[in-house]
Amino acid sequence: MIRFDNVSKSYPKQTRPALRDVSLEIGKGEFVFLVGSSGSGKSTFLRLLLREERASHGQVHVLGKDLARLSNWKVPHMRRQLGTVFQDFRLLPNKTVGENVAFALEVIGKPRASIRKTVPEVLDLVGLGGKDGRMPGELSGGEQQRVAIARAFVNRPMLLIADEPTGNLDPQTSVGIMKLLDRINRTGTTVVMATHDQQIVDQMRKRVIELEKGRLVRDQSRGVYGYQH
Amino acid sequence: MRAQFVLSEISVGLRRNLTMTFAVIISVALSLTLFGGSLLMRDQVSTMKGYWYDKVNVSVFLCNKNDAEADPNCSRGAVTPDQKGEILSELKRMPIVDTVQYESADQAYKHYKEQFGDSPLASSLTPDQMQESFRIKLKDPQKFEVISSAFSSRPGVQEVTDQKSLLENLFNLLNGMNIAALGLMGLMLVVALMLIVNTVRVSAFSRRRETGIMRLVGASSFYIQMPFIMEAAIAGLIGAGLACFLLVSGQYFLVNNWLVDRIDVINFIGWDAVLTKLPLVLAIGLLMPALAAFFALRKYLKV
């Protein structure tokens, strides 16, 4: 599903590389936490997965494709097989919940009949059945994140990438979101989630990958968040 | 791809930047009006030049039967074949003469018809009213006086004219106006292009949320860029339509309803000249802003 071979990434104006010689493999259907303090390289790791950046050295394989060899015009196709969820939800404030989810299907040219059928199904799945007509501003943070997850999942992606999805939510709401991600994971979708949330990592007991100053310092199945922080 | 979705995105984008859209429309309209106007002015000049203008320097007009009664220079009657032969051979002997061409009355009639078409003045003429003439090209165009002094008082010659003197000043004026119009057009075009680039930048910025999400869910770059390019193209097309309207009303009010009534010796351009320019104006108005938007997007919209 995902393979990093000796991947390094340095940005032009920084002396220290953001990622240094990272090698790892993530299999199909895994649930992986990516932890580490700010500036440890988590974001760069996710950006490489999304092909927003290219690795400076080494190879990144996602969904069986070498991203360095993927030409620019094929990138959108690759991204259709990924779902992404962010800390700040990234919903369109002037569209309803249903339209926000439908947007993901519209821009890739899905026929309207199938959109009309799929959107309520996915909203049901994330626990927002019947709220298609509401505006994002009327919803709580947790509900907005559910909308974002619905949008990420509506294409039935093989891989779901979540960048601190609970970062803006209170602990109780976060648990709800984690249960939802866990359910999505059980349908066979691989989930990679960057997080600072110690409680969640310790509770879920999934594989934990820790980065520190761009290096891979820990890769532990059924791990915990760490010792300090 | 769904047309309705794209169209709604475009109309939202155009309305969001209403003032900028207006600025683009007006500057495109003005620059294309100047462009079309200068093309038409060139047509006008070449219409006025007629058949001989660029080919010869001096014309020696010979008396015909009408002139014999009306013109004091021709009081000794119409030109005779002997006189014609004499003038021709003398012209050919002069070292400053490069070439001499003889134009018969029928040829003159034909050229006149070509220039003036079916204007009321032309339709009242008959071939035998036309003058025969010698059309002379000089080795040195400044030596008009030599021909003039040698032939103007000769029997059978009605008049010797310097081809350039008559219209040269007018043409210089028109050419000057033409260059000024083209220069102004160039400036307006630069303004229009910069406005388009800026409009694209602003609308790419104000829609960065949408485009960011489109990117995340895997929309193709064509799909993301299309609304921006279409917006610029539509604004440009409206501007070009306005330019066409200005050109047509210029022809209608200024030329057909005003100049033609006041100046009847000049043959003005007709509708065909105006109408053939309109498709070009529309095409430029559509393509140029679209291209400008396309290049602006490479800079301001990450895809």
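Predicted model: local features only at pLDDT ≥ 70, side-chain atom pairs only at ≥ 80, totals over all residues.

Reader: What makes β1 (residues 2-9) and β4 (residues 57-62) of chain A a pair of strands?

Author: A strand here is a DSSP run of E with at least two residues, a helix is a run of H or I with at least four residues, and both are numbered from the N terminus. Two strands pair if DSSP finds at least two bridges between them; β1(A) and β4(A) have five bridges, in the antiparallel sense, so they pair. Among the partners, F4(A) is bridged to V60(A) in β4(A), and S8(A) stands opposite H57(A).

Reader: Why do β4(A) and β5(A) count as paired?

Author: They share two bridges, in the antiparallel sense, and the definition asks for at least two, so they count as paired. V62(A) has K65(A) as its bridge partner in β5(A), and the two strands form a hairpin with two residues between them, where L63(A) in the turn has a positive phi of about 50°.

Reader: Which strands are at the edges of the sheet?

Author: The open sheet of four strands runs in the order β2-β1-β4-β5 of chain A, with antiparallel pairing. Its edge strands are β2 (19-26) and β5 (65-66) of chain A, each of which pairs on one side only.

Reader: Why is T84(A) called buried?

Author: A residue is buried if 20 or more other C-beta atoms, placed from the backbone, lie within 10 Å of its own, exposed if 12 or fewer do, and partly exposed in between. T84(A) has 24 C-beta neighbours inside 10 Å, and therefore counts as buried. T84(A) lies in strand β6 (residues 82-86) of chain A.

Reader: Which residues does T84(A) contact, leaving aside its neighbours within four places in sequence?

Author: Contact means that the C-beta atoms of two residues, placed from the backbone, lie within 7 Å. By that rule T84(A) is in contact with L50(A), A152(A), I161(A) and L216(B).

Reader: How many residues does each chain bring to the contact between A and B?

Author: Chain A gives 14 residues and chain B gives 15 residues. On the side of chain A that touches chain B, α2 (75-79) and α3 (97-106) of chain A each supply at least two residues.

Reader: How do you know that α2 (residues 18-49) and α11 (residues 271-300) of chain B cross, and what is the handedness of the crossing?

Author: Axes are lines fitted to C-alpha atoms, for helices over the stretch in contact, with angles from 0 to 180 degrees between N-to-C directions. The axes of α2(B) and α11(B) come within 10 Å and cross at roughly 145°. A crossing is left-handed if the near helix is turned anticlockwise from the far one by less than a right angle, and right-handed if clockwise; the crossing of α2(B) and α11(B) is right-handed.

How values were computed:
Residues numbered from 1 in each chain as written. Chains lettered and ligands numbered in written order.
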